[in-house]
Amino acid sequence: MDAVNRKIVGHLLRDGRATYADIGADVGLSAPAVKRRVDLMLARGEIAGFTVRVAPEELGWGVEAYVELFCRGNVSPATLHRDLAAIPEVVRVDTVTGEADAMVQVMAGGMADIERTVEAIRASGRVDKTRTSLVMTRVIDRPARAGSTTSEG
């Protein structure tokens, strides 16, 4: 990725709704040239997609938790996706190093919803145990850096 594409990605990270003309003015290109570059970055997988960041409290998600999953045997990312994708309060799942097999981010309306969600996560025959930590305060909350790698299944 060249320096101009990095600037374009940086602009999109700051404002995913910016127009190609606005981005072009920032990086010294025409709007059609910016669009071509964005389309190519999408085709090459350098930009994985566009998303919306929400204010959790505005959606009624007053409680956030991280649930460590400890599974029986080896569990693939595809299996985790299949088992957890249908639970609406599950907003992110990552495989991790260390004792746990995966870390699950959960956002819910209240403690009863967190408890119900953790029980739904445990319902998989693969989960041996869980350990849940509640978020008290978000201290830093920023989008992923340009060049970081994430995958969506």
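Axes here are lines fitted to C-alpha atoms, for helices over the stretch in contact, and the angles between them run from 0 to 180 degrees between N-to-C directions. Keep that in mind for the exercises below, which all use a predicted model.

**Exercise 1. How are helix 1 and helix 3 oriented to each other, and which residues make the contact?**

Solution. Start with the geometry: the axes of helix 1 and helix 3 (residues 31–44) come within 11 Å and cross at roughly 90°. Next, apply the cut-off: angles of 65 to 115 degrees count as roughly perpendicular. Helix 1 and helix 3 are therefore roughly perpendicular to each other. Now look at the residues involved. Helix 1 brings V4, N5, I8, V9 and L12 to the contact, while helix 3 brings V34, R37, V38, M41 and R44. Sorted by class, the residues of this contact are 7 nonpolar, 1 polar and 2 charged.

**Exercise 2. At what angle do helix 1 and helix 2 pack, and which class does that angle fall into?**

Solution. The angle between helix 1 and helix 2 (residues 20–27) is about 130°, and their axes are 10 Å apart. Angles over 145 degrees would count as roughly antiparallel, and 65 to 115 as roughly perpendicular. Helix 1 and helix 2 are therefore oblique to each other. As for handedness, helix 1 passes helix 2 in a right-handed crossing. On the helix 1 side, the contact is made by V4, K7, I8, H11, L12 and R14; on the helix 2 side, by D22, I23, D26 and V27. The contact of helix 1 with helix 2 has 5 nonpolar, 1 polar and 4 charged residues.

**Exercise 3. Is H11 buried or exposed?**

Solution. First place the residue: H11 belongs to helix 1, which spans residues 3–14. Then check its accessibility against the cut-off, which is under 20% for buried. H11 counts as buried because its relative accessibility is 14%. Finally, list its partners: beyond the neighbours within four places in sequence, H11 is in contact with A18, D22, I23 and D26.

**Exercise 4. How do helix 2 and helix 3 pack, and what classes of residue form their contact?**

Solution. Their axes are 8 Å apart, at an angle of about 95°. That angle makes helix 2 roughly perpendicular to helix 3. Helix 2 uses Y20, A21, I23, G24 and V27 here, and helix 3 uses A31, V34, K35 and V38. By class, this gives 7 nonpolar, 1 polar and 1 charged.

**Exercise 5. How many residues has the largest nonpolar core, and which elements give two or more residues to it?**

Solution. The core has 18 residues, and those with the most contacts inside it are L69, L84, V90, V104, V106, I114 and I121. Two or more residues come from each of strand 1 (63–71), helix 4 (77–84), strand 3 (102–108) and helix 5 (111–122). Strand 1 gives the largest share, 5 residues. A second, separate core of 10 residues includes L12, A18, V27 and M41.

**Exercise 6. Why does L69 count as buried, and what does L69 touch?**

Solution. L69 lies in strand 1. L69 counts as buried because its relative accessibility is 0%. Setting aside residues up to four places away in sequence, its contacts include L80, L84, A100, V104, I121 and V127. Under that same exclusion, I121 touches L69, L84, I87, V90, V104, V106 and V127. For background, nonpolar side chains tend to be buried together in soluble globular proteins.

Methods:
Residues are numbered from 1 along each chain as its sequence is written. This is a predicted model: local features need pLDDT of at least 70, side-chain atom pairs count only at pLDDT 80 or more; totals for chains, interfaces and linings use all residues. Side-chain values use heavy atoms; hydrogens and water are left out. Helices (H or I, at least four residues) and strands (E, at least two) are DSSP runs, numbered from the N terminus. Buried means under 20% relative accessible area, exposed over 50%, partly exposed in between (1.4 Å probe, protein chains only). Contact means heavy atoms within 4.5 Å. A nonpolar core is a set of buried Ala, Val, Leu, Ile, Met, Phe, Trp, Tyr and Cys residues joined through side-chain atoms within 4.5 Å. Angles under 35 degrees count as roughly parallel, over 145 as roughly antiparallel, 65 to 115 as roughly perpendicular and the rest as oblique. Ala, Val, Leu, Ile, Met, Phe, Trp, Tyr, Cys and Pro count as nonpolar, Asp, Glu, Lys and Arg as charged, and the others, Gly among them, as polar. A crossing is left-handed if the near helix is turned anticlockwise from the far one by less than a right angle, and right-handed if clockwise.
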